[in-house]
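Please read this briefing alongside the sequence and the three-dimensional view. It is arranged by topic for a first reading.

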Amino acid sequence: MSSLAPFFIALISVLLIVAFVHSRYGDWKRHNPLVSLITFVAWYFSFIIITILPLDVASTFYCRCLYDKGFNSCNNATIDACIKPWMYVPPDILHGMWLAVYWSSQLLTWIILPFMASFCYSGEFTIRGKLKAALYTNAIYYGSFLLIFIPLVIYVLARLGFDNAGEKLKVIGITASNTWGLFLLVLLLGYGLVEVPRSIWHSSKRGYKLSVVQFQIAKMTTDKEEAQEELDTVINDIAGAASMIRRYSPLHENMKTIMSKCPEDLRHKLETQRTELEDKSNSNKLPDIPSMKSLVKLHARLIKAEQKVNRATALLQNLYKRGFDLEDIIQNESNSTRQFTSSFDNNYQGRCKTFRLTCEWYWKVKIRPWVLKLIAVLLAITSVAVIWSECTFFTVQPTLSIFAILIDVAQKTYNFFDIELICLLTIGFMCLCAYYTVFRIRLFHYYYIAPHHLTNETSLLFSGTLFCRLTPPLCLNFLGLIHLDSALTGDSDPNLPETQFTAIMGHLKVLSFLANGFYIYYPITVVIFCLATYLKLGTRVLHFLGFQQFFQDDTLSTEYLNEGKQLLRMERRKREQKINRDKQGLNFSSTNSNGNTRNSNAGINSNWQINSPKNDSKTNYHSTKYTSAKYKSSDSGLDRVELLNAVEYDPDADIQGQQRWPSLGTSSTGAYGKGRSVPRDLFDDV
């Protein structure tokens, strides 16, 4: 059992990593516990191949070493025959692990996860109604597949014969699943092999990254406004439906359920509109009394609209934070003290404050860009090796696959640690590229993986479906890259030990045109997808169709970029003014509490009122007017201090060293403080 300790440690490590990633994207508190559990299991079974497959490969080479020395079983060998791998796992345990991983993944990806997605996507009010809706949706979905699959199965069995039909049906099902998974895998790999190194390289360029963030801020602001308009439309329809449903109606409880899920800040508006519509004899929105079916659709619309608004609001705040961080890093490049100065995070007061700020400056300004570039170069080299191996792995003599050469050199000396390390890094990189694409896919608003607990249940279930479908073809493709598939290498010895994954999957020779053709030569098309990604053909097509994409030399992108700069400036100024008001409020209160009585202090506070703008979550940025702060106070000095602090911030001027933003709580003059009037509208100076 001591030899299995590293194996269990590896499984627990993967479990913790998946739990961290899942908690970052999902929300255990808000989501259905069953949905969270099922998606976690799907993710875990997909990520666990990074651990199981290298151990399976090393154990297979160990068994082949024993086979070459005359032992027919790995369990009956003497200790001195071959040196066991450091993390050797007996074949029977690996066989059981692969059985659990493979068939559980197939059950999840084809039955459980699609059914759960339809269940969560439904707008029905009861569990029974949701189950019926899910069954109906999946019956249509799988019925269309069966119309194609059943004639194909009959044709194949007619050609191969109906003897041992059960085993052949099993192989046909596995083959169909792997064919679809391999097609998807090559497509996702083609994107990830190029985009992963490129995105890390771009992360080292602060100016470019800031431009991208500013473009995304403008785009996300537009998305937020559209989502808010859609939510307002849904609220109006709900108000119209509620005005026609009386308390004695059987739909009254369903209507209450819908109204309880409306945002709290819109419930008063909803109640007002409902009351107004009740007073009218006829309604222009919903002339007929709503039915259960219309309420179900209205319920589903409300859920989707509210998710869009919440997600857009949170993502916009995260983009603002990223923009401020990048501006701080660019500003600190000219910092002669070499201590990192942050705009909104200077609260650290420990003993090692100077040392901490100095280390932060060196890391963010000097070290991190070079580290990112080095990682990007290494990943780019690995991507080239994977692309080359995908195009040449079917050539056995001479061996052209880079990973097959590395494994062959290690196995000749029975260096099992190197075999496990090479397999771990290779399969880990392939999983990174394929799964990275899964996290980047955006299928309108149906599938959207967003961090900070903003991914809805349907998107989580859909991602689990994709992960489970990618697992078997990813393992099959990797074994081909390292020439550990006897169907590829042409080994005719039936007793030669193979991986336990191959023992479960078989060689799929029932459909020879797939086993000897599609599985071997289709991965070559990864070159086409990589080239299309490198040239950004997909991005250009989306841009041509009207989906805004970031291009540095494009007029529309420039307009979005300028708009994002203005929005970032406005948000920075708003936060600085809020911090200044809070500080001045604290100082003002402490001064009065030391020099005056409680009653006089209360009197002054009652006269000092600031007419500040409301929370930006409800702000329409395209119609926001710049207004100066107004105070009702007998002390005119407060007005002067606040107006001096409301300085226009220009990051472009900061980058050129022409202007620096003032420290909080101090007075200075800015672009608008030198006699220039504040623009009346947000985009007046664009």
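Predicted model: local features only at pLDDT ≥ 70, side-chain atom pairs only at ≥ 80, totals over all residues.

Residues are numbered from 1 along each chain as its sequence is written, and side-chain values use heavy atoms, with hydrogens and water left out.

**Nonpolar cores**
- A nonpolar core is a set of buried Ala, Val, Leu, Ile, Met, Phe, Trp, Tyr and Cys residues joined through side-chain atoms within 4.5 Å; buried means under 20% relative accessible area, exposed over 50%, and partly exposed in between (1.4 Å probe, protein chains only).
- The largest nonpolar core has 91 residues, of which W43, V57, Y435 and F478 touch the most other members.
- Helix α13 gives the most to this core, with 14 residues.
- Apart from this core lies another, of 23 residues, including I238 and M259.

**Surface patch**
- W86, F417, L421, L424 and L425 form a nonpolar patch on the surface, with about 540 Å² of accessible area together.
- Accessible areas come from the Shrake-Rupley method with a 1.4 Å probe, and for residues only the protein chains shown count as cover.
- L421 lies in helix α13 (residues 416-440) and is partly exposed, at 38% relative accessible area.
- Helices are DSSP runs (H or I, at least four residues), numbered from the N terminus.

**A buried lysine**
- K308, in helix α10 (residues 292-332), is buried because its relative accessible area is 16%.
- The side chains of K308 and E230 are joined by a polar contact of 3.1 Å, that is, a pair of N or O atoms within 3.5 Å; within protein, one must be able to donate a hydrogen and the other to accept it, and residues adjacent in sequence count only if both atoms are side-chain atoms.

Definitions and conventions: Patch = residues over 30% accessible without salt bridge, like charges linked within 9 Å, V, L, I, M, F, W, Y side chains within 5 Å. Salt bridge = Lys/Arg side-chain N within 4 Å of Asp/Glu carboxyl O. Helix = DSSP H or I, 4+ residues; strand = E, 2+ residues; numbered from the N terminus.
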